[in-house]
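I opened this entry to follow a few local features through the structure and to note what I looked up at each step.

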Amino acid sequence: MKTLAIAKGELWLHEGTNSPRQIVSAFAREVIERDERSRRTTSWKHAPREQQSGVIPSSSLWGTQQSAAMAPPKFLQACFGANDQTIYYVLKVGEATGLFRQHLDEDREVRLFHRTGFSIDGLAYNPQDQRLVLGVRMHDGTAQLEVYDEDGNLKGAITGGDSQDGHPALVPGSASTIVFQSTGVARHPEHGYVVAASHATVCKLDYRSGQLETLLDDKHFDFIAPKVGSDGTLYAIRRPIEKPPTERASNALLDTVMMPIRLIKAVFGFLNIFSMLYGKEPLRSAGGPRTPELDQDLGRLWLHGRMIELSKVRNDPGHAGHLVPASWELVRQPPGRQLQIVANHVAGFDVLSNGQLLYTNGYELTHWQDGRKTSLGRHELIETVAVR
């Protein structure tokens, strides 16, 4: 069994009991190196022209004019291709996002395309007709599924309309049938921009015949990232919907009570940052050993359309140390039967051809077979998994 895992923007390959191998993009490395060379050769333009004076340097107050280094490359999506030696991935480098294919046995990377302002929400490979299905976000707030050939040429869009369609997955045994998540959008009546989104449903589409069917739909839940097993069992992550702000009036009293505490924490946080900048020491000493994957300084993570506050991972009992709360459930529905809960705290998963599962709570990879769970390893902030 081979597994791809995207953790903290890095792509890792697990092969049995071997140590995980990090997949590195030659294109991304070249872009980063070219940016570093460019900044070195033009650094004289931004060098200070006079000696700084005063207690606090002006560069600390107003910032420097030197161009910032390019952010590290970030893997967004990944899947296996026609065999376990071929993988496809979506990679963001600087302002551009691209689709790549890598041949592991040859250590060779092929850039299919890269564009600026391009956002992809889901990637699947169809071995039957050697096509890729991508969830592509549009500039009008919608997202549609598009089919590409192995060389990255667009063959056409297979969904459309006022919806956000993404996370496609192939249905085993069919050459043109996929399942995907779909969310309807509502627009401003006068200006036309998106103002709200509905709950996420799971749909099945035969993109050759155009036959569309809704498989999972509940106005109280989102069903996201669906997959289908070889026996026809449907899998998905189920989570409660996020209520719009107009329906959260019950939190007003809690917000009023917590306001002084939050204000004190904000003032303390500002003074603490000021102390570390100019005194090189924090106002508060470390309260014990730090756990890297639960470090509150990591900030936020955008996962499946939700913003995850990483500070809550440590402090919120609902997370209990997992990346997502217990209400994020991996569910399955065998043909003709009711939904069954497989696991809680599930941030991502994939289905093997024999019906076994691989899922993650954001930090640990777990292999599931008939209720038996086996840990396959750990990473920090796992967002996506794929298995062959």
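I began with Q77 and noted that, in this predicted model, Q77 is buried, with a relative accessible area of 11%, which falls below the limit of 20% used for that label. I placed Q77 in strand β4, residues 74-80, and then listed its contacts beyond four places in sequence, among them I6, Y88, Y89, V90 and L123.

I next looked up the sheet to which β4 belongs, and found an open arrangement of 4 strands in the order β4-β5-β6-β7 with antiparallel pairing. Because β4 and β7 each have a single partner strand, they stand at the edges, and one side of each lacks a neighbour in the sheet. From one strand to the next I noted an average twist of 20 degrees. For β6 and β7 I counted 8 bridges in the antiparallel sense, and I recorded E109 in β7 as the bridge partner of Q102.

I then turned to helix α1, residues 26-41, whose 16 residues reach 23 Å from the first C-alpha to the last, close to the expected 22 Å. Which residues of α1 are buried? I found F27, A28, V31, I32 and D35, and since they cover an arc of only 135 degrees around the axis, they lie on the same side of α1. R40 and T41, on the other side of the helix, are exposed. I traced the packing of the buried residues of α1 to β5 (86-93), β6 (96-103) and β7 (108-116). Last, at the start of α1, I noted that a side-chain oxygen of S25 comes to within 3.4 Å of the backbone nitrogen of F27.

Terms used: Residues numbered from 1 in each chain as written. Predicted model: local features only at pLDDT ≥ 70, side-chain atom pairs only at ≥ 80, totals over all residues. Heavy atoms only, no water. Helix = DSSP H or I, 4+ residues; strand = E, 2+ residues; numbered from the N terminus. Expected span 1.5 Å × (residues − 1). Buried < 20%, exposed > 50% of the residue type's maximum accessible area, 1.4 Å probe, protein only. Arc of directions from axis to C-beta. Contact = heavy atoms within 4.5 Å. Polar contact = N/O pair within 3.5 Å; in protein donor to acceptor, adjacent residues only side chain to side chain. Pairing = 2+ DSSP bridges. Axes fitted to C-alpha atoms, helices over the stretch in contact; angles between N-to-C directions.
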